[in-house]
Every structure is written in C-alpha cells, then in structure tokens.
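Here is a colleague's note for someone opening this structure for the first time. Please read the points with the model in view.

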Amino acid sequence: MMKTKYKSIYHILIVLLLVATGCKTYKPVITPELKDVPDKFIESGKDSTGIGNIEWRTFFRDSLLVKLIDSALANNQDIQIAWQRIESAKAQLLKNKGALQPTVNAAVSTAIDKYGKYTMSGVGNYDTNLSGNINDKQRVTQPIVQDYFIGLHSNWEIDIWGRLKNAREASAARVLASEKGRQFIVTSLVADIASSYYSLLALDNQLKIIQRNIKYQQDALDVVKIMQETGKSTSLAVQQFQAQLYNTQGYEYEAKQQITAIEAHINYLLGRYPRPVARDSSTLKKQLPEVIYAGIPSAMVTRRPDVQQAALELQATKFDVASANAAAMPALTITPYFGLNSFKGNLLFNAASVTYGLLGGLTAPLFNKKAIEGNYQLAGAAQKEAFYKYQQSLLNSFNEVYIGLNDIKNKRHIQMLKQLEVNELSNGVTSANELYVAGYASYLEVITAQKSVLQAELELNDNRKDVLIALVQLYRSLGGGWQ
C-alpha cells in the first residue's frame, strides 16, 4: 500500500515538473520570403550551358599558366588553412555525434572518511559494528572508514526533444559548408593567378612598347641634333626632345618594378619565395571567342561555392534554433554503474563485493530560463543573419555575372577603337617627322605625336589585358575554377 502511495506521488511530481518548467516552446523564427533569381542575365536571351561548367585545365589553354595553378593548389597557404577548417568542422561533428551515445568510463577509486559521532553515518557505523547479525568481514573499520571501487560508470542523456540530434545536424551542415568555403578559395585563387599572369604578360608587352618608343625618340633626337648643327633647328628643340626621352626612359623602370611586384605576388600565391615566373607571351594576343556563354542563373546558383556555402550555413542555423528550443525542455538522463565496492581492501575482489545500480532522472530549468531564452534568441538572430547573407550572395553573384558580360562586350569595342587610334597615331608620327625635316611642322608637333602614340599603345595594351581579366572574373563569377 505504501509503495503504491509513493509511486503515485512520484508520478505527480513528474507531471508537475513537466507542466511547471518543461513544456514551454518559443515562437518559431520567421524570415522574409526569398527573392527569386532572374531566369537570364541579359535581355539578348539565355543558354543552358556556360563557361562556368568548363574545368579550369581546359578553360586555360596556356600550359605554363596551368603549371602555376597546379603548384598553387598544392602549396597555397589559404588552401592549407581551409583544409584545417574542414578538419575542425569534422571534429565538431564527431563531438556532437558522440553526445548522442552513452558515455562509459572505467573507474578505480579509493577514499577515506572520518565520520562524526553525532552524524547518521557515524551512528550507523557504530550500530553496525555492535550488531549480532554480521560477521567479522562485515564490520566497518573505525574511526577511519575506507571506500574502494573498481568498475564502470556510465551516463546517457536520452534525446527526447532532439536537442543533441539537431546539434549534430548543424555540425554536419557546417562540414559541407566548410568544404564549399575551400572550393570558393580555390575558385578565387585560380582567378587571382590567371589575372596576375595576364597582368604580367601585359607588363612584358608594355616594356617592349616603351623600349621601342625609346628607340624612336632617340632617333628623333639624333635628327634634331644634326638639324641644330646645320642651323635648321634650335637648342630649345633639342632640349624638348631630350626631356621627352628622359621621361619615357623613366616609364621603362616603372614597368620593370611592376613586373617585379607581380612576379612576387604570383610566387606568394604559389607558397614560395620570389623567383622568375615562366610565361608564354603569345597568350596575350590570342583571340577570344566571339560569344561568351554564361548559362542560366539557376545553374550558377548550384555551381558557385560561396552561394552554396551560404545556403548550408543557413541550414545549419535552422538546426541551431531547433536545438536551442529543445534546451528549454526537461532532459532525461540515465546513469548506470557496475563494479566491485568494499570498505576493506582485502575484500574488494570478493564475490560479495559486486555492486550495480541505475539512476534515471528528469531535470528541467527553473531559474535559468532567461539564459536559455537568450540562447534561443541568439540562435534566431543568427538564422536571420544567415538568411540575409544567403540573399546577399545570390544578389552579388548575379550582379557580378551581369556586370562581367557587359564589361567584356564594352571592352571589346574599346579595343577595336584603340587599335584604330594607334594605327592613325603611328602614321601621324611618321608624317610629323617628315614634315618637321621638310620645315612644314614644328618640333612640338613631333613631340606631341610621339607622346600620343606611346599613350595610345599603352592603353591598347592595358585594354587587351583587361579583356582577358574580365573573362577570368566572369569565369569565377559563374562558379568555374574549383572543379
């Protein structure tokens, strides 16, 4: 009768615990509706496949550039750091998986206790020793009581509400997100090396242009000096031609320094100290395809690593919210043990010293509800932040492709016009020289013509480089380069 009474009281206490503390759930986190990505990048139409699908070894036709990228992928420090981030995420996943399993610990312990005479244990030990129902082995040592234990302790939280499971799923999503983060670094690295490589080729060509113009200007200076000796020119003309030559020679050293800096940057990306970078100068003059295919935006979304990383981070925060919500619910913990326990060392391995037990309990938060609610609000804010970052990544990626397509188109028109400008100015230099020798043009017109053609040639050279870099950036924006 008494057992039934205590059992009823126990059940009532459990119900009261659930009602008073554990049955609260928080309002769900609501995020805005995701904006749809347009179905095409430009008004001229859409194509189902784009250059982003091309593997980078095929996209870049320069074998020397391919070797540089290969070396960078093996030795770049950012790539190595990204691998460690993946390992950290995997370790966190392993930790959260382990939290779902019971812990089992082997334990060997010894203790001594001195009980006061006026304590429950002290009186109990005294009465035990005087009892006629026990033998000598069962008598408790006095006044110091030893306690020996060897066996197993276990603890297992039954994941009723999914707190641990959701934490595990969040970690799994972040493992995938860290891999996408590594792929994004690879994409950016490939684009950075290719862009730097094309910049280096353009600087090589720029140096050739400057050196060629230095020769032209030196020849013009020699002619002016001869004309001065014959009285057909003045010392002022000689000084002006000489000053222009000095100015152009200064450009030569600027170009050399820029080459040094770009080579050092490429070597840094390759994880090595500065050294000459092998390159193919003919790459800069290769013609690009007339039509650059971008594919459809939805394909870009599934290909770009940073977009996929943002989507996985958003997914992980949703699991975080669910786990934080479950933390407000009561936790059921089972704690069993099994082993040998004795208050005398010589009796520890006696069969009568075998002991085991099982403790099951429900715990629910009482006075720390604000802390739990604060964690839930933090998780909710993180989910909303992840949503906006995902939306931002979609918007940014689309804009990058849209701008890139128009950038290539407009730079091609600029290149065509610049080529025509260079042709006209080159002819103008020849005409100015002939007219100056014949006395029909001033030395200022010759100097102006020389400056103009040099500037136009340098701008044309930069434009060719910019077109190639724009194509590389479009390739990266479409999610190419990590495959």
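1. Where is the place of M329? M329 sits in the loop between α9 and β3 (331–342). Helices and strands here are DSSP runs, H or I of at least four residues for helices and E of at least two for strands, numbered from the N terminus. M329 is buried, with a relative accessible area of 12%. (Buried means under 20% relative accessible area, exposed over 50%, partly exposed in between, with a 1.4 Å probe and protein chains only.) The C-alpha atoms of M329 and P365 are 7.8 Å apart, although 36 residues separate the two along the chain.

2. A word on the basis of this note. The model is predicted, so local features need pLDDT of at least 70 and side-chain atom pairs count only at pLDDT 80 or more, while totals for chains, interfaces and linings use all residues. Residues are numbered from 1 along each chain as its sequence is written, and side-chain values use heavy atoms, with hydrogens and water left out.

3. Now D306. D306 belongs to helix α9 (residues 305–326). D306 is buried, at a relative accessible area of 14%. Its side chain makes a polar contact of 2.7 Å with the side chain of R304. (A polar contact is a pair of N or O atoms within 3.5 Å; within protein, one must be able to donate a hydrogen and the other to accept it, and residues adjacent in sequence count only if both atoms are side-chain atoms.)

4. Next, helix α6 (residues 163–229).

5. G479 follows α11, and its phi is positive, near 85°.

6. How do α6 and α11 pack? Their angle is about 170°, with the axes 9 Å apart. (Axes are lines fitted to C-alpha atoms, for helices over the stretch in contact, and angles run from 0 to 180 degrees between N-to-C directions.) The two helices are therefore roughly antiparallel. (Angles under 35 degrees count as roughly parallel, over 145 as roughly antiparallel, 65 to 115 as roughly perpendicular and the rest as oblique.) Their contact divides into 14 nonpolar, 11 polar and 5 charged residues.

7. Among the residues in contact are F241 and Y251 of α7 and I447 and L454 of α11. (Contact means heavy atoms within 4.5 Å.)

8. Last, N75 and N76. N75 lies in helix α3, while N76 is in the loop between α3 (63–75) and α4 (77–99). N75 is partly exposed at 37% relative accessible area, but N76 is buried at 3%. The side chain of N75 has a polar atom 2.9 Å from the backbone oxygen of S71. The side chain of N76 reaches the backbone nitrogen of D78 at 2.9 Å. Leaving aside neighbours within four places in sequence, N76 is in contact with L189, Y268 and L269.

Note on methods
Ala, Val, Leu, Ile, Met, Phe, Trp, Tyr, Cys and Pro count as nonpolar, Asp, Glu, Lys and Arg as charged, and the others, Gly among them, as polar.
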